[in-house]
Amino acid sequence: MMSTDPLWYKDAVFYEIPVKAYADGNGDGIGDFQGLIGKLDYLEWLGVDCIWLLPFYPSPLRDDGYDVADFLTVAEQYGTFQDVKRLLDEAHRRGIRVIVDLVLNHTSDRHAWFQESRQSPQSSKRGFYVWSETDRKYEKARIIFIDTEKSNWTWDPEAKAFYWHRFFSHQPDLNYANPEVQQAMLDTMTFWLDQGLDGFRCDAVPYLFEREGTICENLPETHDYLKNIRRRIDASYQGRILLAEANQWPTDVRPYFGDGDEFHMAFHFPLMPRLYMGVRSETRDPIIDMFTHTPEIPPNCQWCLFLRNHDELTLEMCSGEERDYMYYTYARDPSMRRNIGIGRRLAPLLDNDRRKIELLHSLVFTLPGSPIIYYGDEIGMGDNIKLKDRDGVRTPMQWTMDRNAGFSGCDPAQLYLPVVADAVYGYQAVNVESQKEAPHSLLQWMKRMISVRKRFPAFGRGTITFLRPANGKVLAYLRRYDDVVLLLVHNLAESSQAVELDLTAFAGTTPMEVLGEARFPTVTERSYVLTLAPYGYYWLDLTLTPSDGAYGIEQMVL
């Protein structure tokens, strides 16, 4: 059953799925809703609370569906409207919520609104987009896709005018200064919520409005509109969420939470590369520094933490020096780079080192926020950097050792993208079926970590206090919620490390290591000494004392 707690998202583990990449139910080589429905039992077994679906609307697919041609229907290759309804029913029956991508900022140039808009200045849809006789307006706005676009304006020969776009030139921006556009997108959201969706991951929200003399990002007008959306949704629906994609500094993202009356959640983009930096440089400084610069958020709001997603590992929120460091350490081959980032999956980024993969997941599972797992990362899937754009990290899910990795029964030439077939990451070596049977596989480890995390609301709701031991290679912090105190200790180095922690405030407590259910030495007035294996970590419960008597699984359900 699904929780009735309105703050369910604070405890949830999210799982990102491109429908086309997950499972092919009709044998045409493209993943679809029929196939996804057939894999819900797996997601329930894994312990996923909410799945996030990438765009499944009709699209010319010049940007993998983020170029939407119709917001109110389902692309034929993925199935029907009834398939979506069935997915929602089946997911909800298993206690799994579903949110979907909604591209608020722009449409495809094939969208009927744009086609009508370009026909005539007198068109009823002319005001749905931002048109200009000159390309010299809004010159302070940066170009986001610097590897493909030279300007934020593109000349349209039919309209005989320039149109504004913050992303690809085939994705004209909607004109939110027009109340009709505001209402049309609100109507789109209510349409899908009426079908039973549990919320939206709202794409590219900092760029909705433009104003001369500004960088056209994070404008007050944008927040006014988003607050109105939140009011309208809260008035009519229960337990639905809005997740902001705002690739900005934490101080710039903070306003998207408002006073708890705008977005429920937002991605913590700048933290993600600092996790990689911390492991590679063997120092906790980049991670603690990012939290130092992360402001408090309202109690009903939550950060979303992630290691990878469907885009490149973005380095947009890094300094030039940090970016060079990341390129040097994680993408020396230029073919691994995409825009301002790195087009690789998690396992290849970490040299397929199981210890590093576990360590980074331990961090995103225990730092403040809700974790999002990218499909396939739970089994350590690889990538294909030879594919164009971001396709290298969007290959078919690897289910079995069978034909097409069990993704589809079609001829391999029909697949929307080839399966990964190299010796290290190929589906014969990396797949769900074999890892489910292996008790010490990465998949079984992920399932256990998700299960243990769910037993402690402190991970999703608690405060954090960083400890600062002399050994800078060790990251240690306390998570507190109600009467529960958890100590998380991580070794960011490739060598064993000893650390002395000041736990005098917990003298008399006997820590329990919750992953292995092992009792550790009782805390005294002296420094508490721990030794960690290379890339090792401990999840210690400091709530129990010797007077509690027995130790076991029954004590862990708090």
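Two strands count as paired if DSSP finds at least two bridges between them, where strands (E, at least two residues) and helices (H or I, at least four residues) are DSSP runs numbered from the N terminus. In this predicted model, a closed barrel of eight strands runs β1-β2-β3-β7-β8-β9-β10-β13, with parallel pairing. Local features need pLDDT of at least 70 and side-chain atom pairs count only at pLDDT 80 or more, whereas totals for chains, interfaces and linings use all residues. Residues are numbered from 1 along each chain as its sequence is written.

**Strand pairing**
- Strand β3 (residues 97-103) pairs with strand β7 (residues 199-203) in the parallel sense, over four bridges.
- Within this pairing, V100 has F200 in β7 as its bridge partner.

**Largest pocket**
- A pocket is an open set of points on a 1 Å grid over the protein atoms alone, where a 1.4 Å probe fits and protein lies on both sides within 12 Å along at least five of seven lines; lining residues have an atom within 4 Å of a point.
- The largest pocket holds about 510 Å³ of space, a volume being the space filled by probe spheres set on the points, which are joined across faces, edges and corners.
- Its lining has 22 residues, and E296, I297, P368, G462 and T463 lie nearest the centre.
- At least two lining residues come from each of β10 (302-306), α16 (458-461), β14 (463-467) and β15 (474-481).

**Second largest pocket**
- The second largest pocket holds about 230 Å³ of space.
- Of its 15 lining residues, K20, L61, D64, K388 and D391 are the closest to its centre.

Methods. Side-chain values use heavy atoms; hydrogens and water are left out.
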